[in-house]
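Below are notes on one model, written as numbered points.

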Amino acid sequence: MAQSNKKCLIAYFSRKGYNYAGNNIVNLPIGNTEVIAKKIQGFIGGDLFEIKTIKQYPLDYTETTEVAKVELRNNARPELTDKVKNMDNYDVIYLGYPNWWGTFPMAVCTFLESYDFTGKTIFPFCTHEGSGLGRSERDIKKLCPDANLLPGLDILGRSVANADNVLQSWLKKHI
Ligand SMILES: Cc1cc2nc3c(=O)[nH]c(=O)nc-3n(C[C@H](O)[C@H](O)[C@H](O)COP(=O)(O)O)c2cc1C
């Protein structure tokens, strides 16, 4: 569908386990952002890459918010388990993450600082529980000033199962 003559990478961070969803805490077997990342791959193809930290986050929601708060305050760069094999192969990157404290998890900083995104196109997509993309697009711009950053899509975490239409119209906008 989108960017048909270019190879796409769909890189995402997502956390399974207990998470806030409206008035409830729910146990997610697959993280919300991962659901969207896989839908994007289903619609447009491309390669999936999970941005995964060596140190796992707690299953508990509140504990994770505390860990994440400290990482944000310390401007941490959590170590990742893997690197993209050949980033040069990709012109277009769909970058997915949950909104954590108003921006992306610090692991996404580690990811963005690991490659040269000069001339590459980045489409951010973010799942959240009310804050939308927050400061994340500005933060991508700061870390990758020479990338072509296009307007992102935000999706309410508890609505990911019903996001196909909004997702497809966002993807179609940039064919
Ligand atoms: C550590 C942490 C911080 C969060 N901070 C916010 C926030 O500031 N604003 C918001 O709308 N949602 C926040 N959320 C909710 C997540 O953005 C939302 O549940 C998201 O869909 C989770 O995606 P995932 O399952 O792919 O990890 C937070 C969740 C966690 C675990």
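1. The model is predicted. On that naming, N75 falls in the loop between α2 and β5, the latter covering 92-98.

2. Most residues other than glycine have a negative phi. N75 has a relative accessibility of 49% and so counts as partly exposed, given that the exposed class begins over 50%.

3. The phi of W101 is positive, near 55°, and W101 is not a glycine either. W101 sits in the loop between β5 and α3 (106-112). With 41% relative accessible area, W101 is partly exposed.

4. Side chains of opposite charge can pair when their charged atoms come close. How many salt bridges does the model contain? The count comes to eight, with the cut-off set at 4 Å between a side-chain nitrogen of Lys or Arg and a carboxyl oxygen of Asp or Glu.

5. One of these salt bridges joins E34 to K16, with 3.7 Å from N to O. E34 belongs to helix α1, while K16 belongs to the loop between β1 (8-12) and β2 (17-21), so this pair ties together parts 18 residues apart in sequence. Is E34 buried or exposed? E34 counts as buried, at 6% relative accessibility, because buried means under 20%.

6. K38 is partly exposed, its relative accessible area being 40%.

7. A further salt bridge links D164 and K39, at 2.6 Å from N to O. D164 is in helix α5 and K39 in helix α1, so the pair ties together parts that are 125 residues apart in sequence. D164 has 28% relative accessibility and counts as partly exposed. As for shared partners, salt bridges join K16, E34 and K38 into one network.

8. How are α1 and α5 placed relative to each other? The axes of α1 (residues 32-44) and α5 (residues 164-172) come within 11 Å and cross at roughly 55°. The two helices are therefore oblique to each other, since an angle under 35 degrees would count as roughly parallel and one of 65 to 115 as roughly perpendicular. The crossing of α1 past α5 is right-handed.

9. Which residues form the nonpolar patch on the surface? They are Y18, Y20, I25 and L59, and together they have about 400 Å² of accessible area. L59 is located in the loop between β4 (47-50) and α2 (61-73). L59 is exposed, with a relative accessible area of 56%, because the exposed class covers values over 50%.

How values were computed
Residues are numbered from 1 along each chain as its sequence is written. This is a predicted model: local features need pLDDT of at least 70, side-chain atom pairs count only at pLDDT 80 or more; totals for chains, interfaces and linings use all residues. Side-chain values use heavy atoms; hydrogens and water are left out. Patches are made of residues with over 30% relative accessible area and no salt bridge: like charges are joined within 9 Å, nonpolar side chains (Val, Leu, Ile, Met, Phe, Trp, Tyr) within 5 Å. Accessible areas come from the Shrake-Rupley method with a 1.4 Å probe; for residues, only the protein chains shown count as cover. Helices (H or I, at least four residues) and strands (E, at least two) are DSSP runs, numbered from the N terminus. Buried means under 20% relative accessible area, exposed over 50%, partly exposed in between (1.4 Å probe, protein chains only). Axes are lines fitted to C-alpha atoms, for helices over the stretch in contact, and angles run from 0 to 180 degrees between N-to-C directions. Angles under 35 degrees count as roughly parallel, over 145 as roughly antiparallel, 65 to 115 as roughly perpendicular and the rest as oblique. A crossing is left-handed if the near helix is turned anticlockwise from the far one by less than a right angle, and right-handed if clockwise.
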